[in-house]
Each structure stands twice: as structure tokens, then as C-alpha cells.
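Okay, everyone, thanks for coming. Let me put the structure up, and then I'll talk you through a couple of spots in it.

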Amino acid sequence: MQFTKMNGLGNDFIVVNGEKELPANASELAVKLCNRFFGIGADGLVYILPSEKADFKMRIINSDGSEAEQCGNAIRCVAKYVYDNGLIDRTAISIETIGAGVQPLQLTVENGKTSLVRVDMGAPILNGLDVPTTVDANPVIGHKVEIDGREFAFTAVSMGNPHAVIYVDDAVNFELAKWGPKLETHPLFPRKINVEFAKVNTRGQVDMRVWERGAGPTLACGTGACATLVSSVLNGLTDRKATISLAGGDLFIEWSEEDNHVYMTGPAEIVFQGLV
């Protein structure tokens, strides 16, 4: 199997093209290949597949073998892959996801290579039962959850996959490994949850760290950055355009008043290629 190792702000993926459909052993392959000691090493295994609805379809399997509905960093990597490898010659393309439908993307190209990708991530889902959580409210803002004697307040947002955004005094040094897995698997979240810990510094800039469902701590999460911006607007903390600063770098996020869609702009990079 030929693969390309790619990353979006350090959120890294093993990208595979050429399959007609998702292989039956994709979950086993993801666990094996994503292992950073005995495999290639990645946060997820991404397949670029044919689509009847869009230019391409993306399927992403997390490092634990579970499938993610959507991934903002992975979709930028797929966009760069298909353009830079000559699979498409347009800078306006569309990619089908299993959780967020067909998403339009606009590529910025420099010297024949993709440098930035702007993704229309669609409208956020704010109804608690649809995120999903067990909270019957629309939206779910500042809902309390207690774990091991500590109380957190989360805002629930789905960007095709579920997120709980929690505001803390120091996101950069937050104890991700301690609280992330406990929140991910809390009974409030029937399909588990991606957890963002955020610190709003100005109305145009937010620090965020993420515990990703099925992958653990990652350097960046595109859908998580989008959820953080939406949450921050709902809580009156930021404007509708802001820079979300992650461990791997910055993403620029906009929640449009005109169409209610969230737009994400950021880079994607090819690291190396190989054969396994």
C-alpha cells in the first residue's frame, strides 16, 4: 500500500489514495499503522475515495480504530493531496464526508502547490440531543458536569462530529491527559466527545488545546477550532471572526451571519511518502 504522510498544524495523517471503497480491515490497519513506535505513526488513517456527490470522498479512521465523522485538518490535507498530485486542476473543489455532507473548499496555490485551504464547514449543530448529548436544550451553553470532585461547564457544538468546549484559566498548560479521557467517555455524551479547553485572550484570539475522541491529545483539531469559535460567540466572548491558536499553530475561523456557515482557513503539508 502506497501512502503519503501529511499534517495540518501537526495533526498528522496517513493518506491513502486508489481504493474504490473503504477496506474491510481499515480499523485494524489504522491501529497498526498509526502506532508511533511500531508503525508509521499518525493521529488517523485517511482514505481518498470516489464520490457520486462530490469531487472526492474522505473517510478517516482514528488511531484507536474508530471512524470519525469529519476532521477539519484531514480535509485540508486531502485537498492539498488531490491538487498537488494532479487529480484535479480546479482550485474550487468539493469533498464528501460521512458526518458533515459535501463540503466546498477553496485552495490558495503558490508555484503550483497548495499553500492554504479555506473550507466551508457548514452550519453548526447546537441542539443538545443532535450533537449528541443527553441534554435536551438548544443551545447547550454552560452546562455543568462534575468529574472526580471537579466541576466543568461546557458548551456543546457539532461540526459533523461532537464537541464540548470548556473555558479554563490556562489552556496552554491544562492537564489534558488527566481530564480529557474522563470527559470524552462521560455518560452525558452517548457517542463520546471531543473536548476543547479554551482561554479567550481577546475578542479576536483564543488559545485552545484539544483531547480528540479516539486519538487523545493532538496538536490541532480543525472542527474543534470551529466549535470553539462558535461557542465563544454564543458565550459573548469573541467576535464572529477570530484566530484560534492550537499547539501546532493558528487557524482562522469565521462564523458567517449571512449563511450561518463556519469557514476555516489553514495550511496542510506533505511530510513524506512510502510503501507498506
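So, let's start at Leu105. Skipping its neighbours within four places in sequence, Leu105 is in contact with Ile75 and Ala79, with the run Thr91, Ala92, Ile93, Ser94 and Ile95, and with Val117, Arg118 and Val119. Do keep in mind that this is a predicted model.

Which residues touch the most other members of the largest nonpolar core? That would be Leu105 and Ile253, in a core of 53 residues. Helix α2, residues 72-84, gives this core its largest share, eight residues. There's also a second, separate core of 22 residues, and among its members are Val135, Ile147, Ala156 and Phe189.

Okay, over to strand β3, residues 44-49. Six of its six residues are buried, so the strand is largely enclosed by the rest of the structure. And that goes for both faces: Gly44, Val46 and Ile48 are buried on one side, and Leu45, Tyr47 and Leu49 are buried on the other.

Now, what does β3 pair with? One partner is β2, residues 11-17, which lies parallel to β3 over five bridges. If you want a spot to look for, Phe13 sits opposite Gly44 of β3. To get from β2 to β3, the chain goes through helix α1, residues 26-34, and that β-α-β crossover is right-handed.

Another partner is β4, residues 56-62, antiparallel to β3 and joined to it by six bridges. Here you can find Ile48 with its bridge partner in β4, Met58. β3 and β4 make a hairpin, with six residues between them.

Definitions and conventions:
Residues numbered from 1 in each chain as written. Predicted model: local features only at pLDDT ≥ 70, side-chain atom pairs only at ≥ 80, totals over all residues. Heavy atoms only, no water. Buried < 20%, exposed > 50% of the residue type's maximum accessible area, 1.4 Å probe, protein only. Helix = DSSP H or I, 4+ residues; strand = E, 2+ residues; numbered from the N terminus. Pairing = 2+ DSSP bridges. Right-handed = clockwise from strand over helix to strand, strands pointing away. Core = buried A, V, L, I, M, F, W, Y, C linked by side-chain atoms within 4.5 Å. Contact = heavy atoms within 4.5 Å.
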